[in-house]
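Please keep the structure in view while reading the points below.

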Amino acid sequence: MTKILRVALALTVVCGVAALALSFVYVVTKERIAEEAKRELNEALAVVFPGGENFAPFDLASFGPLPESKEFKFLEAYAVTKSGKQQGFVFKVASTGYGGPIVLLVGVDTEKGVFTGIKVLEHQETPGLGSNVAGEGFLSQFLGKPLTDSFTIGKDVQAVSGATISTRAVVRACVNVAELLRGEGK
Amino acid sequence: MREFWYYFKNGLLGENPVLKLMIGLCSVLAVSVRVDNCLGMGAAVIFVLTCSSLVISLIRNFVPNEVRIPIFIVVISTFTTIVDLVMKAYLPPLSKAMGIFIPLIVVNCIIMARAEAFASRKPPLHAVADALGMGVGYTLVITAIGVVRELFGYGEILSHPVFPESFQGMMAMILPPGAFLLIGIYIAILNWSLRRGKR
Amino acid sequence: MNGEILSIFKIIVSAAFVDNIILARYIGLCPYIGMSSSVANSIGMGMAVTFVMVLASIVTWVLWNYALVPLGLEYLRIMVFILVIATLVQLVEILLKKNVPNLYRAMGIYLPLITTNCAILAVTFLGVDYGYTLFQVVVYSISVALGFTVALVLLAGIRERLRLAKIPSFWQGYPIVFIATCLLAIAFLGFRGLVK
């Protein structure tokens, strides 16, 4: 009997101390983690929409019915304002590439009708090939492109060599965003 | 103090956890794509390994034999969770890059194996020496692999380009086959040099 | 309905082959290297892993969705999951010892090592991370275990042949095993892009 008590005591003490230590660390780091996530989002938003001052979450449903397929999905939207004036939108979208969904932020200046920036948040493309779509070199060509662009790969958009499918995924995201804002999305 | 060094050195080469004992391989191969990931992973493993070894050694006389494994697991997973939370809070990019391999430290065989084979039988000072040796040995191997993979895979070291612009990264080095190939070569080199040393 | 079958099929192919847990994700390497010296042992190990993996992912899925998330205790995930797995492994060990002593002897020290088999813990994490339903989690864990077993048996087959081959002395043992693994991983790269 004393044996069982000893075992139970040892387990209880160790688990109790562990639980205490963990909840302490959790409380200390919780706010910091939430803050980090928020800061990261704001930084990413500022990158895809340089000069934007205020990014407010925006209800996607107010765009009406959204296009949604196996390859593409709108996830979130942010309305960008500068000194109280509506400037444009940033969309978070998922577009399927070679290794799985590529999650992108796409910034659009609705005043001028141009793309302001694209940033890849998550992807599982092949390192060294498809992963290059996340690089500056590829994404910078979308800067300042008008919404009315035809986005023909090879003509308007320089594809990443060896990664046609990943390139297509990024282009698909732009086309869908452009169509939505031109009011042609179905 | 001499004993401290003895146990510490043991983990570095003679009983290097990765190359000799063949444990803790998963994270070595998975995160060694870039050197900064390797250093982060090494630091995380050293922390968890040293803290758990110290605690396990301190409570070794208090823990009944029947439940020692569950208790080791509780101790190790506590420290792993702490590392996970702290990394998320203070080093978010690094934590993102290593993803699931931070929580997987808990099942890193090195830690469990050292807890079972060493820390639960030796006084705290020796346990810490052994843990530090093993941890540093692990970090050395993972960094050695990371340097080669980042250099040839991306042409960079710690994200600083070292090759001229025209360098095309070797994809194989970033992908799984390169990792397997490298670790095979490393073990062969270690075998060869150990054998030559004996002669 | 059709879409559902398709999505299940997708989970199976991607978990077993495209994202093969050993050859593409580098998880579960210790038993992969340790238990692959003969085909018979590797099949036994594969079965043990399959059994524990499926059980563990069901139990952890239920705990995660009905206990940890509602209580806001997500940060205890690592500890809870690893303890569930440790308990299950103990159970499998007792059952094997009693009913299949041969297999038990063959696995020796590796059965307790299933506890520290990253593959099982990783599958339970990924199962909840991907937001699968219970049914999908079961399919997913079976497929991952299948991929694990396939990789293990393939390597065991190669190692049985390697025993007859002439290899430079310092390449014998683990180094040549990793070179073989490297070639296997290259072969499995061919599955990439199969599932969209």
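This is a predicted model: local features need pLDDT of at least 70, side-chain atom pairs count only at pLDDT 80 or more; totals for chains, interfaces and linings use all residues.

Five residues of chain C are in contact with six residues of chain A. On the side of chain C that touches chain A, two residues are nonpolar, one is polar and two are charged.

**Chain B with chain C**

- Chain B contributes 36 residues to this contact, and chain C contributes 31 residues.
- Four helices of chain B each give two or more residues to the side that touches chain C: α2 (25–31), α4 (68–90), α6 (109–119) and α9 (176–198).
- The largest share of that side of chain B is supplied by α9(B), with twelve residues.
- Sorted by class, the side of chain B that touches chain C holds 28 nonpolar, six polar and two charged residues.

**Two packed helices in chain B**

- Helix α3 (residues 35–58) of chain B packs against helix α7 (residues 124–154) of chain B, with the axes 8 Å apart and at an angle of about 165°.
- Because angles over 145 degrees count as roughly antiparallel, α3(B) is roughly antiparallel to α7(B).
- The crossing of these two helices, α3(B) and α7(B), is right-handed.
- The residues of the contact of α3(B) with α7(B) comprise 19 nonpolar, nine polar and two charged ones.

How values were computed. Residues are numbered from 1 along each chain as its sequence is written. Chains are lettered from A and ligands numbered from 1 in the order in which they are written. Two residues are in contact if their C-beta atoms, placed from the backbone, lie within 7 Å. Ala, Val, Leu, Ile, Met, Phe, Trp, Tyr, Cys and Pro count as nonpolar, Asp, Glu, Lys and Arg as charged, and the others, Gly among them, as polar. Axes are lines fitted to C-alpha atoms, for helices over the stretch in contact, and angles run from 0 to 180 degrees between N-to-C directions. Angles under 35 degrees count as roughly parallel, over 145 as roughly antiparallel, 65 to 115 as roughly perpendicular and the rest as oblique. A crossing is left-handed if the near helix is turned anticlockwise from the far one by less than a right angle, and right-handed if clockwise.
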